[in-house]
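These are my notebook entries on a structure that I looked up.

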4 protein chains.
Amino acid sequence: MTKTPLKAAVLGASGYTGAETVRLLRNHPRVDAVAATGNALAGKTLSEIFPYFSGADNLNVVKADDVRWDDIDVAFGCLPHGTSQDLIETLPEHVKVVDLSADYRFRDAKIYSAAYGREHLSPERTASAVYGLSELYAEQLSGAGLVACPGCYPTAALLVLLPLMKPLLIDTNTIIIDAKTGASGAGRGLKEGNLFCEVSEGVHAYGVGTHRHTPEIEQELRLRSGDDSVEVTFTPHLLPMTRGELVTCHVRGDADAIHAALEKTYSGQPFVDVLPLGSPPPDTRHVRGTNQCRIAVFPDRASGRVVILGVIDNLVKGSSGQAIQNFNLMMGWDQALGLDVLLPLFP
Amino acid sequence: MTKTPLKAAVLGASGYTGAETVRLLRNHPRVDAVAATGNALAGKTLSEIFPYFSGADNLNVVKADDVRWDDIDVAFGCLPHGTSQDLIETLPEHVKVVDLSADYRFRDAKIYSAAYGREHLSPERTASAVYGLSELYAEQLSGAGLVACPGCYPTAALLVLLPLMKPLLIDTNTIIIDAKTGASGAGRGLKEGNLFCEVSEGVHAYGVGTHRHTPEIEQELRLRSGDDSVEVTFTPHLLPMTRGELVTCHVRGDADAIHAALEKTYSGQPFVDVLPLGSPPPDTRHVRGTNQCRIAVFPDRASGRVVILGVIDNLVKGSSGQAIQNFNLMMGWDQALGLDVLLPLFP
Amino acid sequence: MTKTPLKAAVLGASGYTGAETVRLLRNHPRVDAVAATGNALAGKTLSEIFPYFSGADNLNVVKADDVRWDDIDVAFGCLPHGTSQDLIETLPEHVKVVDLSADYRFRDAKIYSAAYGREHLSPERTASAVYGLSELYAEQLSGAGLVACPGCYPTAALLVLLPLMKPLLIDTNTIIIDAKTGASGAGRGLKEGNLFCEVSEGVHAYGVGTHRHTPEIEQELRLRSGDDSVEVTFTPHLLPMTRGELVTCHVRGDADAIHAALEKTYSGQPFVDVLPLGSPPPDTRHVRGTNQCRIAVFPDRASGRVVILGVIDNLVKGSSGQAIQNFNLMMGWDQALGLDVLLPLFP
Amino acid sequence: MTKTPLKAAVLGASGYTGAETVRLLRNHPRVDAVAATGNALAGKTLSEIFPYFSGADNLNVVKADDVRWDDIDVAFGCLPHGTSQDLIETLPEHVKVVDLSADYRFRDAKIYSAAYGREHLSPERTASAVYGLSELYAEQLSGAGLVACPGCYPTAALLVLLPLMKPLLIDTNTIIIDAKTGASGAGRGLKEGNLFCEVSEGVHAYGVGTHRHTPEIEQELRLRSGDDSVEVTFTPHLLPMTRGELVTCHVRGDADAIHAALEKTYSGQPFVDVLPLGSPPPDTRHVRGTNQCRIAVFPDRASGRVVILGVIDNLVKGSSGQAIQNFNLMMGWDQALGLDVLLPLFP
């Protein structure tokens, strides 16, 4: 570690994923967060915005225009959908970009527009960006200049389902993803639905039948399987907890074959554990605070049906952790740099 | 209300459903809880076991043998599966029984034995007991002597699905019930999995592919549809909250027809609300502390698929509240007696 | 109850205390909530704002100007401090007012102004308003036209401390009130500090050394004791829960004498329980959803020191419940009307 | 880091503090956890007991008799009070001991016996053990063979109060410590009071006037001040959260002098932050998962009174983290080894 660390700017450091990116980079041996941008909160230090940062970690949050981009090697985009491309399209070419928003996730800008309600500034760039599901696109990530990190739900759902697409091990006509998340997935926005009193002691589904992560998941399943008719039902639920995401995937296929395919795909991967058949179901709290994904396969009582469970920490593997893992892969480094010191926080 | 109230014994008053039954009877105009049984805690008063009861509400918890059964009109069975029938089979004939355990839910004692791991003491009585899903078996409940209240999950799942069985509105071969519950459903038992530190800030599935509520749900769906091949996938999840249960039912059919059938079935029913199409998803906290069930129907993006949501308070409509509603129906009273004063506790 | 119910308007029905007032009045035999006001949300129904209300309970939320005041007997003021007097001062004289804000709590408008940062519109009315701590001012409440309900913290603190002021049983120079509250006390305002992710899994003090409830508590202690030098240290803490408030009062005196005085004061009172010496400490969850206050007295290991604990539900006894109790007393009714059906929600 | 790591045994690895010690040692560059003991769970692997450990971290839990003590350099005692000394007194002399129980915290075994209800096996060893409050006893820790780590509450309380004892800056006759903790402080024991349903959505005090941490705190305050009459009121409360501890210390003195003394004491210390006067109150979630203590001083509105707040993570600085910090000091290493990679987990 005698080399000079690269310099990172975190765009949108006043939200949860921005702050998490800064936090995780603190332990990265080859990258330093040297700039943090924000609009409304520009002028404050990071520890004024998030007091859990101590004085020692402080960065001044500045407007994006005030960053000296010549000094920056990589930008982590932690801005809302839409806002993200507005800034990213203005960055100098030498800056590598790892974007956590939805803006570059779609190969087809029209699908993006339909789901997110705005024209894309650069349909070409979104078409050629690498979809940063680290374990499954490692090769494409190597040397990439613009990476679009998957949404938190697609991360968990695709780690479970993509390896079953080729060879095809499940019925593509009956895939149901029933997902559960903690409140941090909704970000730091001031909405009544995010208030403690409206989240604790209750559960509800949202975006039923219409959630924007559905076309993202379908894009990847279709690409991998080569079958453009693949459809999924995706139903997310908000739970009274902060971190953690569980996807319960209801599929038709053979449990043993599915388990074998998942084990083979993730053999040797440091951040995806496929539990042995017969293990107790994984729990989001077993991966809290880490970049880990745990997957378990269960044959159902009803013949031919299989339940596959996947758990992640939505702010780490589901966003900032995977972003850093992607950057490691872009640079040709060990993908675990800066991430392997993370311990699950239990209880 | 000038008539003398009937006298109730609550069997197993030291668990959550037992205590909830006592609590709810406090506001019942025609039934008084006059006896409470318990084994380990016999000799204590109810407010020593559950300090939320005030001195004014106190009952002495006694062993079942010490109850003067001649004075008792009705027994609410709040004992664990197995233990319940051991006591109920010894009760004098004049005592009406509303049992909250699984012991009398199965028409076929062999299915009970397979699911609960013991022989049934009285296969004939379980065959003839009324299955107490209040809204759908009101006629059979009238005048009944032994009623088996549904499990909390079956209550919510069947209120959603039974009306779709005849005429058949959904594909019986692809029913998936993805269920979510708070920790009170697991009772007051001392297990590591029930500790605060092991429930808060996390979610996990349990009983995946094997849960005992599956055959109970299937029994009713088959009876109603007349189709013995109906199978369901039932996957429950434990959430970091105390009360509340949500069933997310993934089915194939026509959303409008499904909604119409549900609306028709529950029209005029005080305790089941079918929300208008297009309403926001119901939340368990909207029914907390009440005997209410709320149901909403959503067409999925994928054609021909429908998501139906049902929420209840597992300790009220899912157990003690429905038990009292059943007793009201057994006696030919207004089914809402003692239950219509319950207000949802929000926030 | 054959008499025509009185008609109530709830001012500020889109906040938690407003909604709670409507909710509690639903069970009141002699008062109906017939009007609900709100500004930003005028035009919506109550169940659109708070879906836990069912269609049956619906009220249209209107601007205050659109209420037909001639038909209204009583207004429950659930508006923020400052806004409340602006409206109340415009109401016709025949409307009785029970105000839950701080606007009429201070006999001396200057103390109000210092604490709340604005001039009072009517120093005379605030000087003559009755301070609605129900149990201790029942006589003054009878027939009153304007009642100022105490803050939630002062309610709990004063129920504990006022009876010790005359005869004086504690050292007035060393009173410390260390208070703990759930998040609903902060209302439905959109602030980062109220977000689920910023409240759960943590605790912090706020308003340390400066909280506005301190002068309110001191006003009452001074009035009762006749000693204008009484000072208290009041330190509130925000806890990761929704409802419930605990005051831990550290005083110097004799535990037995203190306990006897409290027992005597509240003997026969339906809503204040003084636990026997030696009881386990009371818990906020033992009174959740009710108008109850529970008090317990503990001698400390250090001689001459006593710890007195008081718990309430901040939205019921700490606001809407006590408001209704006060109105019952104003009308000369049984103070428990509409409130005695509330059962503690446990677990 | 080319040296061979020392070998640690963790005694009582099936409880929360035992598991936390193993977890934290995973990142320690100079110590490896090579043995884990347990009685009831001997024969299982650590990841069977705590699934958050992955297969890679696995240790077999064995009975203490089956540890090859010749290979062990240090034992971290994570056993319950009483049980701990029974085992520690049998260990070979070459094994350094860092005990997290109360067994060696008291210089005077009689005080231990009075508080913990049993005779001490070795009054001499408890008299000479070093009290492991790292920042304040660093000198004594260097080279020590047996260290008794403070209780979680005493850690937070003494970090706040000890620096005010010499020179004496506060009135020793009016110290009140009102403490709040999450449920993990109660351990993994199966008691109704630890169940999710009995901890969530409520707060209560416990051990009021009698808690065993009181004599421990007094021992240290008396030693430092030289005044044997120092008494404290210590009142702990259980909060609905897992990790985190806050002490609210109510004292009499001068806020500026107190702040200056604290700042001076902890200047240069990596794990204790004294916030500038006027900062917002610290929150337990700002130090969650870290070995950090944050302290803030507030002058009260009432003259001469001061409120001092201290927050820690009870499982890290309050137990396992401080234990490792102590071992670092015993060995003459940098006290932050293995602990400086811990990031606060927020949100």
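I looked up the contacts in chain A between residues at least 6 apart in sequence, and 70% of them join residues at least 24 apart. Contact here means heavy atoms within 4.5 Å. I note that this is a predicted model, in which local features need pLDDT of at least 70, side-chain atom pairs count only at pLDDT 80 or more, and totals for chains, interfaces and linings use all residues. Residues are numbered from 1 along each chain as its sequence is written, chains are lettered from A and ligands numbered from 1 in the order in which they are written, and side-chain values use heavy atoms, without hydrogens and water.

**Overall form of chain A**

I recorded 11 helices and 14 strands in chain A; these are DSSP runs, numbered from the N terminus, with helices (H or I) of at least four residues and strands (E) of at least two. For 347 residues, a compact globule would have a radius of gyration near 20 Å, and the 19 Å of chain A agrees with this. The radius is taken over C-alpha atoms, and the globule rule is 2.2 Å times the number of residues to the power 0.38. Along the principal axes, the C-alpha atoms of chain A fill a box of roughly 60 × 45 × 45 Å.

**Burial**

I found that 66% of the 347 residues of chain A count as buried, that is, under 20% relative accessible area with a 1.4 Å probe, protein chains only. In helix H7 (residues 152-161) of chain A, 10 of the 10 residues are buried, so the helix is largely enclosed by the rest of the structure. Among them are Cys152(A), Tyr153(A) and Pro154(A).

**Val287(A)**

I located Val287(A) in the loop between strand E12 (272-274) and strand E13 (293-299) of chain A. Val287(A) is buried, with a relative accessible area of 0%. Leaving aside neighbours within four places in sequence, I list its contacts as Gln292(A), Arg294(A), Val311(A), Ile312(A) and Asp313(A). Phe346(A) is 59 residues from Val287(A) in sequence, yet their C-alpha atoms are 8.8 Å apart.

Notes:
Buried means under 20% relative accessible area, exposed over 50%, partly exposed in between (1.4 Å probe, protein chains only).
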